[in-house]
Amino acid sequence: DEALERRRLLHKAITISLLALLPGCSETGYQQKGNSVSFITWDEAHGRREHPVTGADPRSFQVLNKQGYAKDRLGAYFRWKKIEAADPASFTALSDHQAKDRRQAFYEDQPIAGTDPASFEIIDEQWARDRGDVYLQNRSIEACHPPTFTLLEENWQRDRQCVYNRGRKLPDADPSTFTILNFWYGKDERHVYHSDGRELAGADPKTFSIAKPCEVCGKDALRCYRFREVVPCAAK
C-alpha cells in the first residue's frame with residue numbers, strides 16, 4: 001500500500017546516504033586490485049558498480065585522468081571501454097572526454113574522422129577544433145572559418161563567416177548583425193531563426209521579439225509564433 005511504499009523509499013534513501021559515508025563507497029574512477037583493473041561508477045539509482053577493463057595490462061597500466069582515459073602497453077581506454085583505433089604509445093588525454101594520438105583525435109571512445117592531431121585543440125568539454133574544422137563531440141560541423149569560431153550563449157555559435165546553432169549552419173545568416181534573443185530564437189538584420197537551425201519564414205526581423213512570459217513564443221508586427229508555428233496572437 002501507499003504507506004509501505006513510502007517506508008520502502010525512505011529505507012532506500014537512508015541506505016544510500018549511509019553507504020555514501022563509508023570510506024571509498026562512492027569513490028569512482030579507475031582502481032587496480034592485484035592483476036585486474038576496473039572502472040568504478042556510483043549513482044543513487046544503482047549504487048556502486050564495478051566495470052572490468054577487459055584486456056588491460058596491470059603492470060603497464062597508466063591512468064591519464066581518473067574519470068576518463070587510461071592506457072597501457074596494449075591499448076588506450078575510455079573508462080572501461082578499449083579504444084580500438086588508438087595508438088597507446090602516442091595517446092594523450094586532453095580532457096575527461098577528449099584525447100589524441102599521432103594519427104587522430106577522439107571524443108570519449110570514438111575517433112573523430114579527419115582530424116589533424118598536431119593542431120587539434122579543446123574549446124570546451126564538447127567542442128574542439130583543428131586547422132581544418134570544428135568538431136562537436138565526434139562530429140565535424142564543416143565550419144566556415146575555424147580560427148574565429150566562438151561559442152555564444154544558449155547553444156548558438158559564430159565565426160567570421162557563418163552563424164550556427166549547436167553546429168548547424170543558419171542559412172544566409174550575417175554574423176556581424178546576428179543577435180541572440182533566447183534559447184529558441186535569434187536574428188540578423190534580414191532573417192529570424194529558430195533553434196532548429198532554420199529560418200522562420202515570413203518573420204520580420206526588425207520588429208520580431210520574444211512574446212514574454214512565453215519563452216517559446218515570438219511576435220512581430222504581423223504575426224505571432226509558437227516554436228515555428230504561426231498562431232493567433234490571442235492564443236499565446
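**Entry 1: the cysteine pairing**

I numbered the bonded cysteines of the protein chain in sequence order and read the pairing as 1-2, 3-4, 5-6. I note here that this is a predicted model. How many disulfides does a search of the whole structure find? My search gave 3 disulfides. I then took the pairs one by one.

**Entry 2: C144 and C162**

I looked up C144 and found a disulfide joining it to C162. The distance from S to S is 1.9 Å. Next I checked the torsion about the S-S bond of C144 and C162. It is about -75 degrees, so this disulfide is left-handed.

Where do the two cysteines sit? C144 is in the loop between β15 (139-140) and β16 (150-151). C162 is in the loop between β17 (156-158) and β18 (163-165). The two are 18 residues apart, and the pair links distant parts of the chain.

**Entry 3: C214 and C217**

I moved on to C214, which forms a disulfide with C217. Their sulfur atoms are 2.1 Å apart. I read 60 degrees about the S-S bond, and the link of C214 and C217 is right-handed. Are C214 and C217 buried or exposed? Both are buried.

**Entry 4: C224 and C233**

I found a disulfide between C224 and C233, with 2.0 Å from S to S. The angle about the S-S bond is 100 degrees, and the link of C224 and C233 is right-handed. I checked each end for burial. C224 has 4% relative accessibility, so it counts as buried. C233 has a relative accessible area of 40%, so it is partly exposed.

**Entry 5: the cavity**

I turned to empty space inside the model. Rolling a probe the size of a water molecule over the atoms shows where empty space is left. I found 1 cavity of 30 Å³ or more in the structure. About 30 Å³ of space lies in the largest cavity.

Which residues line the largest cavity? I listed Q31, Q32, K33, S36, V37, S38, I40 and E50. The elements that give two or more residues to this lining are β1 (29-33) and β2 (36-43). The largest share, 4 residues, comes from β2. I also sorted the lining by type. It divides into 2 nonpolar, 4 polar and 2 charged residues.

**Entry 6: D109**

Where is D109 found? I located D109 in the loop between β10 (105-107) and β11 (110-112). Its relative accessibility is 18%, so D109 counts as buried; the cut-off for buried is under 20%.

I then looked for neighbours. D109 and Y77 are 32 residues apart along the chain, and their C-alpha atoms are separated by 7.2 Å. I left aside the neighbours of D109 within four places in sequence and asked what it touches. D109 is in contact with F78, K81 and I83. I also found a polar contact of 3.4 Å that joins the side chains of D109 and Q110.

Conventions:
Residues are numbered from 1 along each chain as its sequence is written. This is a predicted model: local features need pLDDT of at least 70, side-chain atom pairs count only at pLDDT 80 or more; totals for chains, interfaces and linings use all residues. Side-chain values use heavy atoms; hydrogens and water are left out. On a 1 Å grid over the protein atoms alone, a cavity is a set of points where a 1.4 Å probe fits but cannot get out, and a pocket is an open set with protein on both sides within 12 Å along at least five of seven lines; lining residues have an atom within 4 Å of a point. Grid points are joined across faces, edges and corners, and a volume is the space filled by probe spheres set on the points. Ala, Val, Leu, Ile, Met, Phe, Trp, Tyr, Cys and Pro count as nonpolar, Asp, Glu, Lys and Arg as charged, and the others, Gly among them, as polar. A disulfide is a pair of cysteine sulfur atoms within 2.5 Å. Buried means under 20% relative accessible area, exposed over 50%, partly exposed in between (1.4 Å probe, protein chains only). Contact means heavy atoms within 4.5 Å. A polar contact is a pair of N or O atoms within 3.5 Å; within protein, one must be able to donate a hydrogen and the other to accept it, and residues adjacent in sequence count only if both atoms are side-chain atoms.
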